[in-house]
Amino acid sequence: MPEIIIDESLTYIEGTQRVFTEEETLQRVQPLLKDIGVTRIANITDLDKIGIPVFSSIRPSAAEGAISVYSGKGANEVQARISAIMESFERCLAERSGVNKDVQESIASKEFIETPEIAGSSYTLIEPRSLLLSEKPASSSRVEWTTGWDLLKKEEVLLPSNAVYHPYDPPGLSLKLFRTNTNGLAAGNTIEEAIFHGLLEVLERDALSIAEFNRFPGKEIVLSEDDGENYRLAQMCKENGIDIKLWLLFHDTDVPTVVAALDDVQLKDPALLVMGAGSHLDPSIAVRRAITEAAQSRVVQIHGAREDTEREKFVRDIGYERIKRMNSYWYEEGEKVKLADIKDLSNDRPSANIDLLLQKIGNVAQRAVVVDLSRKSIGVPVVRVTVPTFEVYTIDHERMGSRIKKAPRRKLSADERPWKRRMHH
């Protein structure tokens with residue numbers, strides 16, 4: 001794959017982390033929706049009592065094995081609309097040509113099927129096992145490969161195509177290594193914006209996986225009126241009988257990753273024990289993303305339109321008290337930290353943000369691979385970012401690496417250790 005060049009001259013609008021205003025973004029992307037098969041964008045905010053804006057985007061032509069209703073969130077309606085639209089571009093361009101009903105054009109990367117040994121003799125390989133496979137493939141297995149660009153080592157590499165496309169069905173004679181997902185898929189006004197958001201998402205899922213596996217949420221963030229918009233969003237939850245806990249997750253990169261855990265103490269509905277997460281170099285943006293995503297999770301549960309609501313039936317069968325107990329670490333008191341005391345690491349240029357993020361990731365991982373999924377016929381850049389060895393437990397419990405086991409974990413009380421209690425009888 002050709003080298004991905006980051007434009008050093010690109011700057012953010014003063015006081016923001018955006019290259020274009022929200023209005024300019026909407027004017028650019030909205031007319032392109034017909035090219036990717038989106039038939040409507042709907043405001044679904046009013047399905048819930050909180051009032052934090054949530055929009056949905058409907059794409060009936062989605063490939064088999066993919067969902068066709070996407071949602072987006074934001075602190076205002078324009079942000080939420082853009083968020084739902086960008087999600088549509090990500091999902092559409094993650095489908096390969098031939099499967100994609102809307103876009104015939106292929107991506108620019110080279111692709112072929114070969115055993116790792118033969119492929120590795122002429123290319124630098126991202127070893128399948130570094131993607132935390134649940135089963136080790138036989139060395140004679142043939143794998144489909146896609147060329148990508150490693151931002152850390154500045155070189156072309158081969159990545160299993162399984163880690164590039166979603167949904168993914170391996171072509172004849174090649175192996176399916178794992179269930180595909182959308183981790184690290186990102187769209188943007190520019191490729192720099194897409195790469196930055198893709199890197200952040202992979203880091204966020206890694207931090208969340210580590211926190212969930214170790215039942216260790218990190219530090220509890222306390223908001224005050226000085227926190228402006230974030231305080232307002234949290235108050236919108238509280239005023240509607242919804243407890244909100246904000247956590248700054250432990251992460252060895254020190255990039256702020258925040259989780260918002262909501263509990264509707266009036267309704268006591270187990271399906272509404274939801275969370276949202278956000279990572280960003282600017283902690284206040286990470287908090288805003290976490291709160292708005294948690295609000296989006298509520299609306300999606302109420303709406304029931306996402307085609308993955310098996311969770312809803314499962315949690316209703318188990319019940320509110322038990323679900324809350326199983327996830328008690330998100331709802332307990334924690335060591336407190338003020339939002340103002342979390343360092344803002346963000347810069348005024350996308351390239352500087354990407355460089356810092358790569359430096360932080362490079363301290364704990366060897367590679368950060370980007371595959372450019374953009375198509376010339378569609379004017380919105382989309383990428384897939386993969387950081388080998390980063391955890392994905394939160395989206396796929398079968399895949400675990402060594403990072404998850406090295407992280408701090410919560411000490412369990414005697415009540416939470418039934419196996420210990422039994423031994424004393």
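Close-up 1. Leaving aside its neighbours within four places in sequence, S161 is in contact (heavy atoms within 4.5 Å) with E111, E144, W145, T146 and Y168. The model shown here is predicted, so that local features need pLDDT of at least 70 and side-chain atom pairs count only at pLDDT 80 or more, while totals for chains, interfaces and linings use all residues. Residues are numbered from 1 along each chain as its sequence is written, and side-chain values use heavy atoms, with hydrogens and water left out. S161 has a relative accessible area of 0% and is therefore buried, a word that stands for under 20% relative accessible area, with exposed meaning over 50% and partly exposed in between, for a 1.4 Å probe and protein chains only. A polar atom of the side chain of S161 lies 3.4 Å from the backbone nitrogen of W145.

**Close-up 2. K245 in strand β9 (residues 242–248).** Strands (E, at least two residues) and helices (H or I, at least four) are DSSP runs, numbered from the N terminus. K245 counts as buried because its relative accessibility is 10%. The side chains of K245 and E220 are joined by a polar contact of 3.2 Å; such a contact is a pair of N or O atoms within 3.5 Å, where, within protein, one must be able to donate a hydrogen and the other to accept it, and residues adjacent in sequence count only if both atoms are side-chain atoms. The side chain of K245 also reaches the backbone oxygen of E332 at 3.3 Å. Apart from its neighbours within four places in sequence, K245 is in contact with residues including V259, A260, A261, W330 and Y331.

**Close-up 3. Helix α1 (residues 22–29) packed with helix α2 (residues 77–93).** The two helices, α1 and α2, pack at an angle of about 40 degrees with their axes 10 Å apart, where axes are lines fitted to C-alpha atoms, for helices over the stretch in contact, and angles run from 0 to 180 degrees between N-to-C directions. E22, E23, T25, L26 and V29 of α1 make the contact with V78, Q79, R81, I82, I85, M86 and F89 of α2. By class, the residues in the contact of α1 with α2 are 7 nonpolar, 2 polar and 3 charged; Ala, Val, Leu, Ile, Met, Phe, Trp, Tyr, Cys and Pro count as nonpolar, Asp, Glu, Lys and Arg as charged, and the others, Gly among them, as polar.

**Close-up 4. A84, a residue of helix α2.** With a relative accessible area of 0%, A84 is buried. Once its neighbours within four places in sequence are left aside, A84 is in contact with F55, S56, S57, S71 and G72.

**Close-up 5. Helix α5 (residues 229–238) beside helix α6 (residues 283–303).** The axes of α5 and α6 are 10 Å apart and the helices pack at an angle of about 20 degrees, which means that α5 is roughly parallel to α6. E229, N230, L233 and A234 in α5 meet S284, V287, R288, I291 and T292 in α6.

**Close-up 6. V370 in strand β13 (residues 369–372).** V370 is buried, with a relative accessible area of 0%. Beyond its neighbours within four places in sequence, V370 is in contact with M1, I4, G148, W149, L151, I195, V383, R384 and V385.

Key. Parallel < 35°, antiparallel > 145°, perpendicular 65-115°, else oblique.
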